[in-house]
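Dear colleague,

My notes on it follow directly after.

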Amino acid sequence: MSVKRKKLILAIALVFAVNILLIALAQSADAAAYKKGSTGPTVTQIQTRLKSWGYYIGSVDGIYGSKTESAVRYFQRTNGLTVDGVAGKQTLAAMGIYEASGSQANEGDVYLLARLISAEARGEPYIGQVAVGAVVINRVEHPSFPNSISGVIYQNGAFSCLYDGQFNQPISDSAYRAAREALNGYDPTGGAIYYFNPATATSAWIWSRPYLMTIGSHRFCA
């Protein structure tokens, strides 16, 4: 076989390999995005969450139809996301739905925790923002609470900001920094799993929790 022919064969093989790689990357990207026509358990999760938050009024059937697309657009518009009706990486993270990729799960945790911190501790000193994030992390590790960031944040009745509109407000830069610090293990509360504002709290039960410390306007408890 001539040298010229060998080079031609190698060039063709290289082009073929590159095409296969591009196809695989495209399929990988598509696997993380759900749009009209998609089906399966993740679509069911999307519908379930959107329905529980009042964005979706259709059937939870695992089929990404026009109503699901409209609900996703509504959710995206409310949460400051790109409004395209596609449940891609950022939209899934905002819903607390994580794909298998570890990097995406990490990004989703930061996003959700920052959104909660911004909603719950807006106006608090920075250490108070980290403290709110630490409470979420402490709950994840506590046997009495869900074992994921999204599970803790979306636990029914856990955080009032999910029901009064604060959760949907823009996220502050300091909240992102505080979320990362909390996720990296910084806990200025010393293990708190509850916090409340003494100026507004009316629940006798929350006042009965063992006191740890006060940071800003929040009282942190075990």
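In this predicted model, strand β1 is joined to strand β3 (residues 218-221) by 3 bridges, and the two run antiparallel. Within this pairing, Phe 196 has Arg 219 of β3 as its bridge partner.

These strands belong to an open sheet of 3 strands, ordered β1-β3-β2, with antiparallel pairing. From one strand to the next, the twist averages 25°.

Helix α6 packs on the sheet and touches β1, β2 and β3. The direction of α6 makes about 30° with that of β3.

The axes of α6 (residues 126-141) and α8 (residues 173-183) come within 8 Å and cross at roughly 45°. Because of this angle, α6 counts as oblique to α8. The crossing of the two helices is right-handed.

On the α6 side, the contact is made by Tyr 126, Gln 129, Val 130, Gly 133, Ala 134 and Ile 137. On the α8 side, Ser 174, Ala 175, Arg 177, Ala 178, Glu 181, Ala 182 and Leu 183 take part. Sorted by class, the contact between α6 and α8 comprises 8 nonpolar, 3 polar and 2 charged residues.

With kind regards

Terms used: Residues numbered from 1 in each chain as written. Predicted model: local features only at pLDDT ≥ 70, side-chain atom pairs only at ≥ 80, totals over all residues. Heavy atoms only, no water. Axes fitted to C-alpha atoms, helices over the stretch in contact; angles between N-to-C directions. Helix = DSSP H or I, 4+ residues; strand = E, 2+ residues; numbered from the N terminus. Parallel < 35°, antiparallel > 145°, perpendicular 65-115°, else oblique. Left-handed = near helix turned anticlockwise from the far one by under 90°. Contact = heavy atoms within 4.5 Å. Nonpolar A, V, L, I, M, F, W, Y, C, P; charged D, E, K, R; others polar. Pairing = 2+ DSSP bridges.
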